[in-house]
Amino acid sequence: MTQSHPSEVFEFQAEAKQLLHLMTHSLYSNREIFLRELISNASDACDKLRFEALDHPEYYESDAQARVRIDIDKKKKTLTITDNGIGMSRQEVIDNLGTIARSGTAKFLDQLSGDQKKDAALIGQFGVGFYSAFIVADEVEVYTRRVGLSADDGVHWRCKGEASYEIEPATLAERGTRVVLHLNKEAQSFLDEWTVRGLIKKYSDHITIPVEMKKIDGKDQDGGYEPVNSVQALWTRSRSEITDEEYQVFYKHIAHDYQEPLLWSHNSVEGKLTYTSLLYLPKHPLFELWQRDSAKGLKLYVRRTFILDDAEQFLPLYLRFVKGVVDSNDLPLNVSREILQDSPAVEKIKTALTKRVLDMLKKLSKNGAEYQSFWKSFGAVLKEGPVEDNANREKLAELLRFASTHDADAGEVVSLDLYLERMQPEQKKIYYLVGDTHAAVARSPLLESFRKKGIEVLLLSDRIDDWLMTYMTEYKDKAFQNIARGKLDEIEAAADKPAKPEAQDAVILRVADYLGDRAAEVRASQRLVDSPSCLVLNDYEMGAQMRKIMQAAGQEVPESAPTFELNLEHPLIRKLAAEQDAGRFADLVELVFDQAHLASGEDLADPVAFVNRVNKLLLAAN
Ligand code: ADP
Ligand code: MG
């Protein structure tokens, strides 16, 4: 094998080159993060070995104690990070350190802001941590051998931070990976033991395997290694001994986030099931949140042994923004995703953790400003809750927030409890309106009678809202009512509507006759004040938003005609009633009907015909 691969030179991909350039030229103000990234990779590699060794105990090669070592060579001006983890094969070296076919890279480059501190913080989040080595090194060498391969199958990778890298075979007696950094002129301070020890404490104290350095006792050069980090897994310590800062640093490590978390909850449960959980709410959406198929879930440990990175079985999908760790005593060490899927123990832990998160959110919701900002980040995800989680629907409903006619200007969102408090004495229902954009719902003609009477209406414009509301039938004994649907009852209707004179009833009949099947019903409106007409959904008809979602998903949507309501006092409708010429009558009806579609946020079937008709009427007006 060795002779078949002499030294070979490879070109980096364009994106990798761009990254390298950035690392070497732009991120110098926050150099020290390279150590956090390389130690984190080393610790990941040890975790991966532990997992694979469950099936292959021989992988330990008589050295089962995972460790990371940091060595400084002041003469050669190198800093070396060595781990006895899983190592990489030649192909893995090419895939992981060379090609960057990884999706994170492009996103990382997109997000760069030019603010060095922020950009440096993004490195870990987007899985481009290895390249941070080039912030401090003008040459990086990697010696690595994958477990299970023989000493001759080692690989030596080197790169001077330019367009290409070189790979040659190497004989490596020990498994794992050694990363040698040839420190550049500006990074010589990392040759100082105390500086490096300080950084390990700062960034890697929560790492659960020892990060070791040579003892500094002066004379003895071979004095052996000692751990610099505190090694004990954070969540296994008692809450009272852990500082906020320790919780925060740990969060940043597991979530790859550069900001502090909003809130966390750390609990140990003993009894039928014994487990510890440490759950965090992030302050802002992490980049994977909107990709439904990307990593989510908690880090799973079984009796302190790392098992899986994104165990999604421990929380429902609608809580996928939660980050954290669960450490169970009841699962087997060789647990697989399949076993997790049908384990009753996992199901019970999931129920308990869900409750825990909902309690955290409830606590957070007592703080108006903080909750508003949480809601802005994660509200649309939490709205999947009532759809997905029958058992917690009432609890979730308390946590929902909506834009409303009452606080529309302030941009505030209101809770259903506040809505109930502000209800008019005779009001019995919770009113809402759904549309594509906030602007469209906030200005809908359907609101006119409610505005006039001061009745609050919730304004829904998230993609999921129509879907959500099919699951929300009532809250604290008050039914929800979509104001775009059905007939209004007494209190909802605009007051002081005069009894309908004969002549105007005739206009309803004429319009209905003209439109035929295109309208399910034409009737005099009780909800309009300033607008001439509007469309109303029938009781079982699908809303426009839902219709669009279904169509986008390639589903067949049943044909249905809306109910068309006319405001009989509006001058335009009066004009319509007075119009004797059949052609002009038709033009006017078409126009008013099209306008009603537009005001509902719908697309016109024939926009050009609409424009032509408007133009014709404009010209006739002069
Ligand atoms: P990330 O750690 O987020 O995946 P990195 O850029 O830090 O991104 O690392 C890229 C990949 O290189 C890792 O996913 C891993 O497969 C591989 N790698 C890096 N360092 C090591 C190491 N010390 N041992 C084994 N594999 C490593
Ligand atoms: Mg990494």
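1. A residue counts as buried when its relative accessible area is under 20%. By that cut-off, arginine 523 and glutamate 565 are both buried. Please keep in mind that this is a predicted model.

2. These two residues form a salt bridge, with 2.8 Å between the closest N and O atoms. The pair links distant parts of the chain, as arginine 523 sits in strand β21 and glutamate 565 in strand β23 (residues 563-566), 42 residues apart. They also belong to a network of salt bridges that links Glu521, Arg523, Arg527 and Glu565.

3. Glutamate 590 pairs with arginine 518 in another salt bridge, the closest N and O atoms being 2.9 Å apart. Helix α21 (residues 582-599) holds glutamate 590, while arginine 518 is in the loop between α18 (502-515) and β21 (521-524). Glutamate 590 is buried at 10% relative accessible area, whereas arginine 518 is partly exposed at 37%.

4. The structure has 32 salt bridges. One of them joins lysine 202 to glutamate 32, with the closest N and O atoms 2.7 Å apart. Lysine 202 is in helix α7 (residues 193-204) and glutamate 32 in the loop between α1 (14-25) and α2 (33-53), so this pair ties together parts 170 residues apart in sequence. Lysine 202 is partly exposed, at 45%.

5. Now the sheet: six strands form an open sheet with mixed pairing, in the order β16-β15-β18-β17-β20-β19. At its edges are β16 (414-415) and β19 (474-475), each pairing on one side only. Strands β17 (residues 429-434) and β20 (residues 478-482) run parallel over four bridges, and lysine 429 has alanine 479 in β20 as its bridge partner.

Notes. Residues are numbered from 1 along each chain as its sequence is written. Chains are lettered from A and ligands numbered from 1 in the order in which they are written. This is a predicted model: local features need pLDDT of at least 70, side-chain atom pairs count only at pLDDT 80 or more; totals for chains, interfaces and linings use all residues. Side-chain values use heavy atoms; hydrogens and water are left out. Two strands pair if DSSP finds at least two bridges between them. Helices (H or I, at least four residues) and strands (E, at least two) are DSSP runs, numbered from the N terminus. A salt bridge is a side-chain nitrogen of Lys or Arg within 4 Å of a carboxyl oxygen of Asp or Glu. Buried means under 20% relative accessible area, exposed over 50%, partly exposed in between (1.4 Å probe, protein chains only).
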